[in-house]
Amino acid sequence: MAKPSPLKAMQAYEAVKQEVLSGRLAPGEWIDVNAMASALAISITTVRLALYKLAGEELVEGHPRQGFFMRPLTESTLQDLFAVREAR
């Protein structure tokens, strides 16, 4: 299976990241990789690669044989979010 070109991989990563940060997915919700790939008109492999990168940034969680999930909101996450909003 061929890897996506660096430009396509970066565009896919940005599109998937925007989808994750949009708020349309609830904390703890399972991310349907097939539906996301279809909606973004990119391959499933490219979406998975982007989600692995986002998991490394702690925006999503990857679970073996289960898939990817939105990170649940914790008290410290909420405090961080409010701190960022107050700084603006």
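Predicted model: local features only at pLDDT ≥ 70, side-chain atom pairs only at ≥ 80, totals over all residues.
Strands S2 and S3 pair in the antiparallel sense over four bridges, where two strands are said to pair if DSSP finds at least two bridges between them. Residues are numbered from 1 along each chain as its sequence is written, and side-chain values use heavy atoms, with hydrogens and water left out.

Taken together, the strands make an open sheet of three with the order S1-S3-S2 and antiparallel pairing. Strand S1 (30–31) and strand S2 (60–63) stand at the edges, each with a single partner strand, so one side of each is left without a neighbour in the sheet.

The view can now widen to the whole chain, which has four helices and three strands; helices (H or I, at least four residues) and strands (E, at least two) are DSSP runs, numbered from the N terminus. Read from the N terminus on, the elements follow the order α-β-α-α-β-β-α.

Helix H3 (residues 44–56) lies across S1, S2 and S3, and runs at about 115° to S2; such angles run from 0 to 180 degrees between N-to-C directions, with axes that are lines fitted to C-alpha atoms, for helices over the stretch in contact. At 1.5 Å a residue, the 13 residues of H3 should span 18 Å, which agrees with its end C-alpha atoms being 18 Å apart; the expected span is 1.5 Å times one less than the number of residues.

Which residues of H3 are buried? They are Thr46, Val47, Ala50, Leu51 and Leu54, where buried means under 20% relative accessible area, exposed means over 50%, and partly exposed lies in between (1.4 Å probe, protein chains only). These residues cover an arc of only 135° around the axis, which puts them on the same side of H3; the arc is that of the directions from the helix axis to the C-beta atoms. An α-helix has 3.6 residues a turn, so residues three or four places apart point the same way. On the other side of H3, Tyr52 and Gly56 are exposed. The buried residues of H3 pack against helix H1 (6–21), S1, helix H2 (33–40), S2 and S3, and contact here means heavy atoms within 4.5 Å. After H3 comes Glu58, whose phi is positive, near 65°.

Over the whole chain of 88 residues, buried residues make up 20%. Among contacts in the chain with a separation of 6 or more, 58% are accounted for by residues 24 or more positions apart.
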